Amino acid sequence: MRAAVMWESGGPFDVREVSLATPGPREVVVRLHSVGVCASDLSLTTVFGQPTPVVLGHEGAGVVAEVGREVRNVRPGDRVLVLWVAPCGTCRPCLRGDEYLCANRSSTADARAGREHTSTQRLSIDGQAVHQGMKTATFAERTLLPDHAVIKIADDLPFEIAALFGCATATGAGAALRSAAVRPGDRVAVIGCGAIGLNALLGAIVAGASDLVAVDPMASRRDFALSLGATAAATPEEFADGRRDLDVVIDAVGAPATVLTAWRAVRRGGTVTVVGAGAPGAVVEIPAYEMFHDDKRITGSFHGGISLRRDLPLLTDLWRTGRLPVEKLLSDPVELADINRVVADQRSGAVVRTPIHIE
Ligand SMILES: [Zn+2]
Ligand SMILES: [Zn+2]
């Protein structure tokens, strides 16, 4: 099968033939139909320690092609979404409903610590092992996953919308709906208007935000945010300078400077939610007196606080009824061979998300 291989950290993708193993007893093969490139796919090798060669990709949806003999949750032909947080279903976080925090999920942090984190025998080229990025490796015609890493999707949910639900929408809209728990009438700002920030904006609209400020250095992204329903837009400098007194600020960048800006922009008792993936070692200094005196909340937001087995029906219903119009974030689909152009276009801000359709 064909897959987009990254040979060196941060390097371009090389679309070429890759061998995929046959599924074990509790594994499934998914024939991918639509996949998206997320910013964290790109930082995975450069910032978060993902070894190469690797097939990246963690937004993806398709059809089950093969299942191992003990697989019970899906059958060949089922339309499914790939989960990059595959919940074990038995650990304490899973049992209390916080599947997105599954304690048995392995990650790139394991690779940094010298522990195996990607199954090295699943993908190979001429006998050389190739890593599966995020264990999902969706930049490919097919991917091999544990059975709990797929979830069935509604018949009317297009693959490209499902793929977006797999990361950008779960993470972004979830940051507003679950982690920050935006309430009706809240005055909200979103820092960073890439795919995550714009999904956070849409989530804040669903939650009933009144004032909604979009913050981004790129004019094209600010304008797009306004077209989606932001009520004001600002550059990072303009936003940092103003007195804001906001109820909620969602930081989709996650750099120390943006977290501090968010901290200063919320009112006493307000909430800062950090959904941007901060670099390991980056430190935010918040005055201890302000933490006490201003009674502000600062929350992380991993996977938007979304457990997809619980929340996929909610996201699907919101999309189906037009309340969460995430299709507006998608540009015209392209083929896997065009993946390097997708990366360049998304980085430049020319597009938010270009779905890659795999025939
Ligand atoms: Zn992602
Ligand atoms: Zn678990």
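Reply: In this predicted model, the chain splits into domain 1, made of residues 2–152 + 325–357, and domain 2, made of residues 172–301. Their C-alpha centres are 28 Å apart. Eleven residues from domain 1 and eleven residues from domain 2 take part in the contact. The side of domain 1 that touches domain 2 consists of six nonpolar, three polar and two charged residues.

One open sheet has six strands, in the order β2-β1-β5-β9-β8-β3, with mixed pairing. Its edge strands, β2 (13–17) and β3 (19–20), each pair on one side only. Within this sheet, β1 (residues 2–6) and β5 (residues 54–55) run antiparallel and are joined by two bridges. M6 has V54 in β5 as its bridge partner.

The loop between α1 (39–46) and β5 contains P53. The peptide bond between T52 and P53 is cis, with omega about -5°.

Next comes helix α11, residues 339–348, where I339, V342 and Q346 are the buried residues. These three cover an arc of only 50° around the axis, so they lie on the same side of α11. Just after the helix, G349 has a positive phi of about 85°.

A positive phi also occurs at A137, about 45°, although A137 is not a glycine. A137 sits in the loop between β9 (128–132) and β10 (142–146). This residue has 31 other C-beta atoms within 10 Å, and it is buried because the cut-off is 20 or more.

A second open sheet also has six strands, ordered β14-β13-β12-β15-β16-β17, and here the pairing is parallel. At its edges stand β14 (232–234) and β17 (297–300); each has a single partner strand, so one side of each has no neighbour in the sheet. On average, neighbouring strands of this sheet are turned by 15° against each other, direction ignored.

The loop between β17 and α10 (308–320) holds H303. H303 takes a positive phi of about 60° although it is not a glycine. It counts as buried because it has 24 C-beta neighbours inside 10 Å, where 20 or more are needed.

Technical notes: Residues numbered from 1 in each chain as written. Chains lettered and ligands numbered in written order. Predicted model: local features only at pLDDT ≥ 70, side-chain atom pairs only at ≥ 80, totals over all residues. Pairing = 2+ DSSP bridges. Helix = DSSP H or I, 4+ residues; strand = E, 2+ residues; numbered from the N terminus. Domains from an automatic or database assignment. Contact = placed C-beta atoms within 7 Å. Nonpolar A, V, L, I, M, F, W, Y, C, P; charged D, E, K, R; others polar. Buried ≥ 20, exposed ≤ 12 C-beta atoms within 10 Å, placed from the backbone. Arc of directions from axis to C-beta. Axes fitted to C-alpha atoms, helices over the stretch in contact; angles between N-to-C directions.
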